[in-house]
Amino acid sequence: MTTTDSPEHAFDISIVIVSFNTRNVLRECLEAVERESAGLRVEVLVVDNHSSDGSPEMLEAEFPHVRLFRSDVNLGFGAANNVALQVARGRYIVLLNSDAFLRPDSLKLAVEHMDRQPSVGLGGARLVGRDDSWQPSARMFPTLLTDFFVYTGLAQKFPKSRIFGRFDRTWADPLVAAQTDWVPGAFSIIRAEALAKIGVFDPAFFLYAEEVDLCRRIIAAGYEIWYWPDIVVVHIGGESSRQVKSLEMSSVGAQLVLWRMRSALLYYRKHHGAIAWGAKMLELALYHITVLRNRFSSDPRRQARAREYRKLIAVMNQAWKDTEGGRVSPPRPW
């Protein structure tokens with residue numbers, strides 16, 4: 001029986017965690033979940049994305065009460081979550097990264113907020129590092145303009161500007177609750193009835209943009225997305241930058257950039273049609289300009305930068321080809 005079929009929910013919260021070779025932090029994540037579950041009816045579901053580090057064995061030995069789903073392949077983030085979402089029995093669903101740790105009262109506060117605001121379909125927390133450093137926790141939907149601000153560094157240079165800092169809402173007080181467009185997938189609490197209306201994650205997105213797409217669909221169904229700063233979650237994964245900062249891209253880095261580009265093209269095509277072509281051309285134009293500015297320099301660092309951005313041009317062209325301009329998702333696993 002799925003969450004959407006049940007007239008009465010057996011649990012207050014279904015906590016869904018996707019794990020891929022994260023054994024040690026997964027253990028820490030689950031220990032925090034156990035501490036914060038007191039007084040609540042909670043079920044925990046972990047989907048293992050074909051880990052090779054002994055994560056499933058650790059779960060079975062140390063957390064036998066956790067429902068474990070083993071995948072034979074890496075399904076990606078959204079599709080792996082869907083495995084658990086189809087059988088979750090909570091009136092609220094909490095999506096939690098395996099490298100995210102609940103601070104005291106986080107679950108209790110999340111439930112209280114959702115109970116108090118029935119118009120909210122999905123809510124997010126204040127994400128911080130282990131040292132309490134700020135991480136973007138309430139974001140606006142991407143547009144070509146916000147992409148331009150991020151890629152050119154204007155967003156980073158003028159974080160207090162409501163224009164340049166729009167995407168990550170860096171101008172806003174992080175201690176003030178706010179209605180927003182979407183929240184990162186490290187932590188979110190979702191109303192089960194909202195998922196009943198819109199469905200689960202779009203499996204076309206292997207990694208990146210899946211939570212953006214989900215939030216768009218929740219809003220389209222008449223619900224709100226909220227950010228609540230009194231819910232605090234430590235996220236050691238940090239913020240995945242949309243800019244490449246290293247001078248020499250590793251093969252793993254190139255793969256992640258390719259995934260990010262594919263997802264961006266799929267997202268723009270799905271929600272904005274031909275704007276997907278504009279997203280491609282914006283990135284290519286900025287990369288070509290960077291190559292031209294650095295390729296003839298005698299400075300080895302600038303030469304490396306030119307090489308790096310030539311790689312990005314090739315990766316974007318590959319992403320456009322792989323997705324047929326954002327129209328199809330390549331076979332998984334990517």
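This report covers the cores, helix packing, cysteines and selected backbone features of a predicted model.

## Nonpolar cores

The largest nonpolar core holds 60 residues. Those with the most contacts inside it are Ile-93, Leu-122, Ile-190, Leu-214, Ile-218 and Met-261. Helix α9, residues 251-272, supplies the largest share of this core, with eight residues. A second, separate core has 40 residues. Among them are Ile-13, Phe-101, Leu-102 and Ala-110. In soluble globular proteins, nonpolar side chains tend to be buried together.

Met-261 has contacts beyond its neighbours within four places in sequence. Its partners there are Glu-283, Tyr-287, Leu-312, Val-315, Met-316 and Ala-319.

## Packing of α1 on α2

Helix α1 spans residues 23-36, and helix α2 spans residues 55-62. The two pack at an angle of about 30°. Their axes lie 9 Å apart. The crossing of α1 past α2 is right-handed.

From α1, the contact draws on Arg-23, Leu-26, Arg-27 and Leu-30. These meet Ser-55, Met-58, Leu-59 and Glu-62 in α2. By class, the contact residues are four nonpolar, one polar and three charged.

## Helix α3 and its cover

Eight of the nine residues of α3 are buried, so this helix is largely enclosed by the rest of the structure. The buried residues are Phe-77, Gly-78, Ala-79, Ala-80, Asn-81, Asn-82, Ala-84 and Leu-85. Their cover includes strands β1 (11-19), β2 (42-48) and β4 (90-97). Helices α7 (192-198) and α8 (210-220) also contribute to that cover.

Ala-79 sits in α3, which runs over residues 77-85. Its relative accessible area is 13%, so Ala-79 counts as buried, the cut-off being under 20%. Leaving aside neighbours within four places in sequence, Ala-79 is in contact with Pro-203 and Arg-332. Val-200 is 121 residues from Ala-79 in sequence, yet their C-alpha atoms are 8.7 Å apart.

## Cysteines

The model has zero disulfides. Cys-29 is in no disulfide, and its nearest cysteine sulfur, that of Cys-215, is 20 Å away.

Ala-100 belongs to strand β5, residues 100-102. Its relative accessible area is 0%, so Ala-100 is buried. Beyond its neighbours within four places in sequence, Ala-100 is in contact with Cys-29, Ala-186, Val-233, Val-234 and His-235. Ala-186 is 86 residues away from Ala-100 along the chain, and the C-alpha separation is 6.4 Å.

Glu-224 belongs to strand β9, residues 224-235. At a relative accessible area of 24%, Glu-224 is partly exposed. Not counting residues up to four places away in sequence, Glu-224 touches Ser-119, Val-120, Gly-121, Leu-122 and Gln-179. The C-alpha atoms of Glu-224 and Leu-122 are separated by 6.9 Å, although these residues are 102 apart along the chain.

## Backbone features

Arg-332 and Pro-333 are joined by a cis peptide bond, with omega about 0°. Pro-333 lies in the segment after α11 (300-322). Arg-332 is also one of the contacts of Ala-79.

Asn-21 has a positive phi of about 55° although it is not a glycine. This residue lies in the loop between β1 and α1. Asn-21 is partly exposed, at 32% relative accessibility. Arg-169, also not a glycine, has a positive phi of about 50°. Its loop runs between α6 (154-157) and β7 (178-180). Arg-169 counts as buried, at 13% relative accessibility.

Helix α5 covers residues 144-151. Its buried residues are Thr-146, Asp-147, Phe-149, Val-150 and Tyr-151.

Terms used
Residues are numbered from 1 along each chain as its sequence is written. This is a predicted model: local features need pLDDT of at least 70, side-chain atom pairs count only at pLDDT 80 or more; totals for chains, interfaces and linings use all residues. Side-chain values use heavy atoms; hydrogens and water are left out. A nonpolar core is a set of buried Ala, Val, Leu, Ile, Met, Phe, Trp, Tyr and Cys residues joined through side-chain atoms within 4.5 Å. Buried means under 20% relative accessible area, exposed over 50%, partly exposed in between (1.4 Å probe, protein chains only). Helices (H or I, at least four residues) and strands (E, at least two) are DSSP runs, numbered from the N terminus. Contact means heavy atoms within 4.5 Å. Axes are lines fitted to C-alpha atoms, for helices over the stretch in contact, and angles run from 0 to 180 degrees between N-to-C directions. A crossing is left-handed if the near helix is turned anticlockwise from the far one by less than a right angle, and right-handed if clockwise. Ala, Val, Leu, Ile, Met, Phe, Trp, Tyr, Cys and Pro count as nonpolar, Asp, Glu, Lys and Arg as charged, and the others, Gly among them, as polar. A disulfide is a pair of cysteine sulfur atoms within 2.5 Å.
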